[in-house]
Amino acid sequence: MLKSFPIRPVSAGLALLALSACASVPPPSGVVNPDDPYEGWNRKVHSFNMGVDKAVMRPVSNTYSAITPKPLKEGITNILRNIRQPWIFVNDLLQGEFGRAKGTFDRFFLNTVFGLGGIFDVAHAAGLEYHEEDFGQTLAVWGVKPGAYLVLPFLGPSNLRDGLGFGVDFVGNVGEIGLDKMDVEGLQMTQLTLKVIDARYRATGTFEALDQERDSYTFMRSAWLQNRQFEVLNGRMAKQNTEEPDLFDELEGDETEE
């Protein structure tokens, strides 16, 4: 999964780990989808990832949802997003999105100073909405083609371009580098654990939609590709056919209601 699931840094990728296989219907023998030339491999990894989700991530997410008060869950989400803001700011600049970069900087400043380190999203009340950016999106803006669709073990849906972008995100995320420089024992592991659990919890609706699909692999591929294009274009993608269901709507704003 990890699009946004995205997907998107280590945690974002791991969060998408679940968006993979229930009952997979293999393609006709000898038929190769030009947009998914590795479909045989991808379906196997999709099934593996979904099995890991069912055995591990889903029970953890359900327990987290049941025992954690809603204000605390919201605070954890806000802190994790605030840590990511500096890297989003860098990618806004690299993409030439200077207006969005200013909004990202203002969000980070307001939430860090007045939101007690990001616990409270005071920037939202000021009309500054959160958005995601990663280096895969930056490469897309620079004209790098996505390459083949690829499902990675534990990391979920991706493509060749975003695989490279993920590597840069991993080493270049300045917010997480700052945490590492603090040299507090267990801080990085705690942050990563919370990031994975929080992302899986917020994707509960997406997993429930997948459970209803006979061919969850095809559904996930279509939804992820559409969602990723939407992210690359910063939400400016026109819907070409309003008569057909928008798979992106299954992923966007996927929050668990309580």
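Buried means under 20% relative accessible area, exposed means over 50%, and partly exposed lies in between (1.4 Å probe, protein chains only). The model is predicted, so local features need pLDDT of at least 70 and side-chain atom pairs count only at pLDDT 80 or more, while totals for chains, interfaces and linings use all residues. Residues are numbered from 1 along each chain as its sequence is written, and side-chain values use heavy atoms, with hydrogens and water left out.

**Exercise 1.** Describe the salt bridge of R202 with D198 and state whether each residue is buried or partly exposed.

Solution. Start with the term: a salt bridge is a side-chain nitrogen of Lys or Arg within 4 Å of a carboxyl oxygen of Asp or Glu. The closest N and O atoms of R202 and D198 are 3.0 Å apart. Helices here are DSSP runs (H or I, at least four residues), numbered from the N terminus. Last, compare with the cut-offs: D198 has 3% relative accessibility and therefore counts as buried, whereas R202, at 22%, is partly exposed.

**Exercise 2.** Find which parts of the chain are linked by the salt bridge of R58 and D211.

Solution. The two side chains meet at 3.3 Å, N to O. R58 belongs to helix α2 (residues 39–67) and D211 to helix α10 (residues 204–211). The pair is 153 residues apart and links distant parts of the chain. R58 is partly exposed at 23% relative accessibility, and D211 is partly exposed at 34%.

**Exercise 3.** Work out how α3 and α8 are oriented and which residues meet.

Solution. First take the angle: helix α3 (residues 70–94) and helix α8 (residues 174–182) pack at about 125 degrees, with their axes 6 Å apart. Axes are lines fitted to C-alpha atoms, for helices over the stretch in contact, and angles run from 0 to 180 degrees between N-to-C directions. Then apply the classes: under 35 degrees is roughly parallel, over 145 roughly antiparallel, 65 to 115 roughly perpendicular, and the rest oblique. The two helices α3 and α8 are therefore oblique to each other. Finally, list the contacts (heavy atoms within 4.5 Å): I83, P86 and W87 in α3 meet V174, G175, E176 and L179 in α8.
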